[in-house]
Amino acid sequence: MFFQRCLSFLGFTLLCVKSAYSVEIDREGLPDTGLDTSDWTSRDLPPLDDMWDLNDFQIAAKNTLAPRWYASYRTAALNEVTYQANLDIWSKVRLNGFSFRDVSNVNLNTSILGFNFSAPFFIAPAAKAGHANKSAELSLASAAGKAGLLYVPSISSTKSIEEIADAGLDGQVMFHQEYIWSNRTQLVDELKRMEKAGFKAIFLTVDNTGVNGIRTRSLRFTGSTDEVGHSATFDLEALAELRNLTTLPIVPKGIKTAADARKCMELGFPAIYVSNHGGRVLDGAPTAVEILIDIRRNAPEVFDNMEVYADGGVRRGNHVIMLLALGARAVGLGRSPMFANIYGEEGVSKMIDMMATELTTELKLLGEPDVNNLDASYINIKLVEAMYF
Ligand SMILES: Cc1cc2nc3c(=O)[nH]c(=O)nc-3n(C[C@H](O)[C@H](O)[C@H](O)COP(=O)(O)O)c2cc1C
C-alpha cells in the first residue's frame, strides 16, 4: 500500500513523495491486541519479533503476500457467515476457572488414534502452502516434527506425497488428507502412495460434495470455480467400501451433524473430524462448538465409541480448551500455520510455541493440570444452546 507525504511551506505544497510504508492495513475486525504496523513496508516480511499471537501472523501475511495469494488462504464461501461465526463463537462460551488445585505441572501430551503427540492441537490439511513460502509443506512437516505435533498434509499440496514424507524427522508420525475423487484410479493410486510413504492414517474429506464452495474473495482473482473432480454421488456404502482400498485407518473429515456422526460410528470408523472446512464450503453451516453440542445432545454414544477431532476458527489456547471440554480429542489449525509459513519453518515453530504457551497458561488459570481431563464441568454453553437449540 502506498501513501503520499507532502512537504509544505506557508501553505504552498513544495514536494510530494509516494512512500511504500504501510501505515494502514485493514485488520478485518480481528481482535485488537495493539499490533503496531507503522514501521512495516508493504510487501516486505515484517520482523518475526512483532508476532505475539496467531492473528498477528494473519496481518503479516496480508501485508506480505500478493493479494491473490492472501485471498486464496483467507477466502470463504458466499457471505462468509460461517467463516465469521467460527471466529465469533468463542465469545459466547464461558470457562469455569477453579482455584485451590495444584497446577504446578501441566501436561499437554496426548494420543491421537493411538499415536503419541506433544499437544492436542495439530496442523490441519490446507492446500498449496507454496503460495506463502518456497519451502511450502516441507517447513510445516519439519516444524511439526520438531515440536512433536501431528501434521496432516493436504492432497492438494504444492509438494508431493513423497517429498512431504521425506521432510519428516525419523519416527515422526503424520497422517494424510485425501479427497473422494470421481477418478477411481487416481484415488486408489494416491492411497497406495500414502501408505507406502509411511503416513499412518487418512483424513478423508467428505464435505466437498462434488464442488468447492463459491468463494468470491478468491474468484475475483481466479475468474471461475475450478472443476475440482470430487465425486458428487458418494454415499454411505461408498464410504464403507473405501476401507477396502487401504490398510490405513480412515477418518471422515467435515462432519456437521449428529446424524452423520452416528452413521460413521455405526459403520465402525475409529474417529470423525467435525469441521465446516473453515467456512469454505456450506455457508450457514454451524461452528464446531455447535456441532459438538448437537452430537452431545443427539448422539452422545459417539464420544464413547470413537475419537472426535474438530476445527474452525481456533486461534487461541482457550479455543482449544473449549472444544476439548465439549468432547473433542484434538483440534486442527488451518489458516494460522499457512500464514505463519511466510517466515518458513521458524515462523511455524513460533506459532506452535505460542499456541502451546497459551494452552498451558489457560489450563493453569482454569485449575486443570492435565489436558486429557477436560470435560463439561469446565464450560458453560447455555448461551449457545439458547441461541441455536
Ligand atoms: C487455504 C486452505 C486450504 C484448505 N485446503 C484443504 C484441503 O485441501 N483439504 C481439506 O480437507 N481441508 C482443507 N482446508 C480446511 C482446513 O483443513 C480446516 O478445516 C480449516 O481451515 C479450519 O479452519 P481455520 O482455517 O479457521 O483454522 C483448507 C483451508 C484453508 C484455509
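**Exercise 1. How are H4 and H14 oriented to each other in this predicted model?**

Solution.
Step 1. Take the axes of helix H4 (residues 137-147) and helix H14 (residues 345-366): they come within 9 Å and cross at roughly 40°.
Step 2. Angles under 35 degrees would count as roughly parallel, and 65 to 115 as roughly perpendicular.
Step 3. H4 and H14 are therefore oblique to each other.
Step 4. For the hand, H4 passes H14 in a right-handed crossing.
Step 5. On the H4 side, the contact is made by Ser-139, Leu-140, Ser-142, Ala-143, Lys-146 and Ala-147. H14 supplies Glu-345, Val-348, Ser-349 and Ile-352.
Step 6. Sorted by class, the residues of this contact of H4 with H14 are 5 nonpolar, 3 polar and 2 charged.

**Exercise 2. Determine the orientation of H12 to H14, and name the residues that make the contact.**

Solution.
Step 1. The axes of helix H12 (residues 317-325) and H14 come within 7 Å and cross at roughly 60°.
Step 2. That angle makes H12 oblique to H14.
Step 3. The crossing of H12 and H14 is right-handed.
Step 4. H12 contributes Gly-317, Asn-318, Val-320 and Ile-321 to the contact. From H14 come Met-355, Glu-358, Leu-359, Thr-361, Glu-362, Leu-363 and Leu-366.
Step 5. The class count for the contact of H12 with H14 is 6 nonpolar, 3 polar and 2 charged residues.

**Exercise 3. In what order do the strands of the open sheet of 7 strands lie, and which are the edge strands?**

Solution.
Step 1. Read across the sheet: the order is E6-E12-E11-E10-E9-E8-E7, and the pairing is parallel.
Step 2. Strand E6 (121-123) and strand E7 (176-179) each pair on one side only, and these are the edge strands.
Step 3. From one strand to the next, the twist averages 30°.
Step 4. Look at one pair inside the sheet: strand E9 (residues 250-255) and strand E10 (residues 271-274) run parallel and are joined by 2 bridges.
Step 5. In this pair, Ile-255 stands opposite Val-274 in E10.

**Exercise 4. Which residues come nearest to the ligand, and which elements give two or more residues to the shell around the ligand?**

Solution.
Step 1. There are 24 residues around the ligand, of which Ser-154, Thr-205, Gly-278, Gly-334 and Arg-335 come nearest.
Step 2. Strand E12 (330-333) and helix H13 (335-340) are the elements that give two or more residues to the shell.
Step 3. Divided by class, the shell around the ligand holds 8 nonpolar, 12 polar and 4 charged residues.

Methods:
Residues are numbered from 1 along each chain as its sequence is written. This is a predicted model: local features need pLDDT of at least 70, side-chain atom pairs count only at pLDDT 80 or more; totals for chains, interfaces and linings use all residues. A residue is near a molecule or strand if its C-beta atom, placed from the backbone, lies within 6 Å of it. Helices (H or I, at least four residues) and strands (E, at least two) are DSSP runs, numbered from the N terminus. Ala, Val, Leu, Ile, Met, Phe, Trp, Tyr, Cys and Pro count as nonpolar, Asp, Glu, Lys and Arg as charged, and the others, Gly among them, as polar. Two strands pair if DSSP finds at least two bridges between them. Axes are lines fitted to C-alpha atoms, for helices over the stretch in contact, and angles run from 0 to 180 degrees between N-to-C directions. Angles under 35 degrees count as roughly parallel, over 145 as roughly antiparallel, 65 to 115 as roughly perpendicular and the rest as oblique. A crossing is left-handed if the near helix is turned anticlockwise from the far one by less than a right angle, and right-handed if clockwise. Two residues are in contact if their C-beta atoms, placed from the backbone, lie within 7 Å.
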